Amino acid sequence: MQAIFETLFDIVYLVGVITLGVLMLRGSCGRRQFRLYGAMAVTLGCGDAFHLVPRAVALCTTGLEQYTAALGIGKLVTSITMTAFYVLLYYVWRSRYEVKGRRELTVAVWVLALSRAALCLMPQNAWTSAHPPLSWGIWRNIPFTLLGALVVALFYRSAKEKRDGDFRWLWLTVVVSFACYIPVVLFADSVPAVGMLMIPKTCAYVCTVWIGYRAMKRAQ
């Protein structure tokens, strides 16, 4: 039952966000914020596919234990593409609210993103191991969480100041995604049921993508 439900859920998710991303790329009509948003959605879906597709295959065949290496590599790819997701979201913020200058913010975003990527690529993560160290899971997620918090603060403040109805809840979808993701990082190995939080986390990302798509349709 888990295999069927999870596989169907992942298929709907991947097809949905990639489709929305492609529609935004095609429908952006030269508007940079929606072109960036479309690229962001496609990056999210394609990156997550590296982990979710092997997981679906594993659940529907011989089990997760037989796909440890593939799942680990998929997690590594997803970790990098999720970092790119937030970098693109930062540039969506700059484009939507016509932000000029603020070089210190751009430097902070890139320092956090590159730090996250560098930590993910360290061999100590033992991505292909059946029991990767929790300590490195924590280390690599520190700059990632800080990057997410920065994006939350920027969108919350700007949407409020500009009375941006289309994007007024985007900050909340990011908060929900991290609120569900962090417990999984910390406790999923010892308490497998915590892994169920990945479902609302995924739904939060779908909502994030939908906000951009709906805003584009309203702007047409």
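The largest pocket in this predicted model holds about 1600 Å³ of space. A pocket here is an open set of points on a 1 Å grid over the protein atoms alone, where a 1.4 Å probe fits, with protein on both sides within 12 Å along at least five of seven lines; lining residues have an atom within 4 Å of a point. The volume is the space filled by probe spheres set on the points, which are joined across faces, edges and corners.

Of the 44 lining residues, His51, Arg55, Lys75, Val184 and Ala188 are the closest to the centre of the largest pocket. Helix 3 contributes the most to this lining, seven residues. Helices are DSSP runs of H or I, at least four residues, numbered from the N terminus.

By type, the lining has 22 nonpolar, 12 polar and 10 charged residues. Nonpolar means Ala, Val, Leu, Ile, Met, Phe, Trp, Tyr, Cys and Pro; charged means Asp, Glu, Lys and Arg; the others, Gly among them, are polar.

Next, the second largest pocket, at about 160 Å³. Among the residues lining it are Trp93, Tyr97 and Arg157. Helix 5 gives the largest share, five residues.

Last, a helix pair. The axes of helix 2 and helix 3, lines fitted to C-alpha atoms over the stretch in contact, come within 8 Å and cross at roughly 170 degrees. Helix 2 is therefore roughly antiparallel to helix 3, a term for angles over 145 degrees, taken between N-to-C directions on a scale from 0 to 180.

On sources: residues are numbered from 1 along each chain as its sequence is written. Local features need pLDDT of at least 70, side-chain atom pairs count only at pLDDT 80 or more, totals for chains, interfaces and linings use all residues, and side-chain values use heavy atoms, without hydrogens and water.

Methods
Helices (H or I, at least four residues) and strands (E, at least two) are DSSP runs, numbered from the N terminus. Angles under 35 degrees count as roughly parallel, over 145 as roughly antiparallel, 65 to 115 as roughly perpendicular and the rest as oblique.
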